[in-house]
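Trainee: I would like a close look at a single part of this model, please.

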Amino acid sequence: MPQNLLDVKQLFKYFPIRGGILRRRIGWVRAVDGVSFAISNAETLGLVGESGCGKTTVGRTILRLLEPNAGSIMFDGTDLMKLGREQMRTLRRNMQMIFQDPQSSLNPRMTVKSIVGEPLLVNGIARGQDLEQRVLSLLKIVGLSPDHANRYPHEFSGGQRQRIGIARALALNPKLIVLDEPTSALDVSVQAQILNLLKDLQRDLKLTYLFISHDLSVVKHMCNRMSVMYVGKIVESGRSSDVFSHPAHPYTKALLSAIMDTDPDVKSRRIILHGDVPSPAHPPEGCRFHPRCWQAKPECRESEPQMMKILLDHYAACPYV
């Protein structure tokens with residue numbers, strides 16, 4: 001078995017709810033509630049689920065842009081939870097993030113040359129002529145022209161801005177890149193270009209991706225394995241081919257039924273979920289999906305289901321699969 005580059009175990013991230021004149025804590029938003037997964041070298045793991053399920057919080061917490069409440073984050077053999085600020089800053093060269101909205105993630109007052117070159121300059125890796133050459137090389141890798149180096153972000157299209165963000169993330173030669181819905185703000189035609197670019201970069205640079213998305217067709221195209229989240233918890237995980245062909249958890253079945261099949265001979269039944277997604281501030285007791293599940297049993301309301309093995313490397317948190 002290949003060595004895991006990233007190994008996350010029982011990760012928790014709660015946000016305090018404050019109220020009253022003194023702004024005392026009156027509760028918690030359980031954004032990430034005991035999440036575990038691993039990613040091997042040069043692999044892509046897709047993290048999928050509805051908006052608000054905690055996907056982005058997982059990505060930011062892994063990089064410690066948000067401090068976790070509890071859990072273990074092992075990156076390339078190093079426990080990130082035990083590192084101080086300076087140690088984490090040094091290690092973060094190997095861990096980068098590409099954000100959802102390329103416009104808001106780029107400084108509008110900086111030129112492309114300054115944006116892409118800033119990580120190299122701040123970390124003391126290059127300056128002067130060497131810095132300029134590295135920036136031009138990075139722009140070429142992501143499909144941009146050297147003429148773009150002295151322009152500002154507002155002069156580019158959405159797809160070009162995302163390419164700038166990718167170039168910035170690649171500047172320090174990272175091993176892991178967290179992709180937070182990198183194509184959701186782009187036109188469909190541009191999405192395909194960016195996804196193909198990411199796959200080419202992974203192949204050429206041996207990159208490892210955590211791919212956060214709510215678009216299952218994109219996950220199917222990009223990811224070796226996938227984990228499905230619902231209200232702060234992972235309810236199913238496995239190889240993408242297994243999850244798509246044999247979904248086990250009722251929530252996964254409902255998600256996959258919403259994908260339009262391109263084969264006119266395939267007649268798939270659309271599963272309509274009733275009710276709203278529970279609030280992570282007041283999650284249901286027992287299985288968090290039971291208020292919307294069509295096959296829920298009385299015991300689903302009482303005890304929280306554990307991940308059960310379905311196939312090789314395929315697990316689901318439901319005893320009735």
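Which element supplies the largest share of the lining of the second largest pocket?

Mentor: The model is predicted, so local features need pLDDT of at least 70 and side-chain atom pairs count only at pLDDT 80 or more, while totals for chains, interfaces and linings use all residues. Residues are numbered from 1 along each chain as its sequence is written, and side-chain values use heavy atoms, with hydrogens and water left out. The largest share, 4 residues, comes from α3; β6 (95-98), α3 (112-122) and α5 each supply at least two lining residues. Helices (H or I, at least four residues) and strands (E, at least two) are DSSP runs, numbered from the N terminus.

This pocket holds about 460 Å³ of space. On a 1 Å grid over the protein atoms alone, a pocket is an open set of points where a 1.4 Å probe fits, with protein on both sides within 12 Å along at least five of seven lines; lining residues have an atom within 4 Å of a point. Grid points are joined across faces, edges and corners, and the volume is the space filled by probe spheres set on them.

The lining has 18 residues, and Arg92, Gln96, Pro119, Asn123 and Leu172 lie nearest the centre. By class, the lining divides into 10 nonpolar, 3 polar and 5 charged residues. Here Ala, Val, Leu, Ile, Met, Phe, Trp, Tyr, Cys and Pro count as nonpolar, Asp, Glu, Lys and Arg as charged, and the others, Gly among them, as polar.
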